[in-house]
Amino acid sequence: MIPRREFLGSLSAALAFFAIQSAAVSCKQEKKRSKMILSFYLDDTNPQIVSSGAFRQFTDYCSANGIKGESSFIPGYNGKSIISDHDQNQADYLEYVKEAWSKGIDSHMEIMTHNTLFDFETGTRNESGIHEGLWLHEPSVTTQEYLRYFRNIINEAEKAGVKYTGLTWPGCGCEACTKRYAELKESGPLKITQSAFEALLTLAREEKFRNRVLPIFYEASETEYGIHKRIADGRYGVYDLMPNAMDHFGIWENSPSRVNPDYYITEDGKSGIIVKHLENNAPYCMWYMHWQGLNPEKGVGWEAFKTVSQRIDKHLSDKVIWMRPGDIVTAYHDAGGWDFTNKLK
Ligand SMILES: [Zn+2]
Ligand SMILES: [Zn+2]
């Protein structure tokens, strides 16, 4: 796996403009928010590296503790769709993904394979060629092509009874992607193409997603964060909802040196990024995690995740509210801003 976020560090300057806008929004709000929203994106979730029971354990824990967030569902992660062809472990996983929403967890397309494009005719991943994350950035890809591909993924997931809620960009630091991303950056800040957003909006309008309004996980920043409308039409919209806290639950390396519950909230409840965002009257504190580090079976971050949730319960239960990303962007879209956080109960 690749140091996605480090590779993306160079992007933050391009996002500074948005940061100023977001800061302005926070400062203007004089009335204290009733609650700050808590949420997360969980990337790379799959039943290959650990048993499917680990995913059920995760969603059960979230459900039992009122925790809400999002987890990727990548049907072609191992090269074939586990929906059309699966062993018992994969079949169980599909059941648990189907139940995830009722337990507080949204499901994002981190696209079909998190690798090369999927060939829906043969039912297998292309052996070579462009990676999905980069393909989302290619100016030559048409809205129709995106539409066809997204629709195929949605239709495939539907066979397993899973409804998607949004899209996560699958990061990649392979040689081909790195080279092409560098070329694309020469003509301006890196971004998912507007054609891709148009295709997503079309599918949202057709109510192919669970919600009318879709969250996108593209980039994160502790300071230059915000929510950015990419496209909208009446009740429907697509928003880049940026995490403003990082992964300190082991990351994709499942590395003990990358585990630190105090980063989120210290034992005494007095510091950590959640507390800091609360003090700054931020509308939300949202982080991202990776299944490799977070999973309850082999993940070095699982105990830390539980510790953080217990500390939140102990110190902040009257100040924060867990929400799924899909519900956050829908509320934001309908209210035309963050004012709805003044009334959260
Ligand atoms: Zn990923
Ligand atoms: Zn790549």
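This is a predicted model: local features need pLDDT of at least 70, side-chain atom pairs count only at pLDDT 80 or more; totals for chains, interfaces and linings use all residues.
I then went back into helix H12 itself, which covers residues 325–335. I asked which of its residues are buried. I noted Pro 325, Gly 326, Ile 328, Val 329, Thr 330, Tyr 332 and His 333.

Val 329 turned up again when I listed the contacts of Leu 214. I left aside neighbours within four places in sequence, and the list for Leu 214 then held Gly 166, Leu 167, Leu 200, Ala 204, Phe 209, Val 238 and Val 329.

Next I looked up the largest nonpolar core, which has 88 residues. I wanted to know which members touch the most other members. I wrote down Leu 200, Ala 204, Leu 214, Ile 216, Val 238, Tyr 239 and Cys 285. I also checked where the largest share of this core comes from, and it is helix H8, residues 194–205, with 7 residues.

For the whole protein I counted 12 helices and 11 strands. I found that buried residues make up 47% of the 345 residues. I took the contacts between residues at least 6 apart in sequence, and 79% of them join residues at least 24 apart.

Last came the overall dimensions. I fitted a box along the principal axes, and the C-alpha atoms fill roughly 55 × 45 × 35 Å.

Definitions and conventions
Residues are numbered from 1 along each chain as its sequence is written. Chains are lettered from A and ligands numbered from 1 in the order in which they are written. A residue is buried if 20 or more other C-beta atoms lie within 10 Å of its own, exposed if 12 or fewer, and partly exposed in between; C-beta atoms are placed from the backbone. Helices (H or I, at least four residues) and strands (E, at least two) are DSSP runs, numbered from the N terminus. A nonpolar core is a set of buried Ala, Val, Leu, Ile, Met, Phe, Trp, Tyr and Cys residues joined through C-beta atoms within 7 Å. Two residues are in contact if their C-beta atoms, placed from the backbone, lie within 7 Å.
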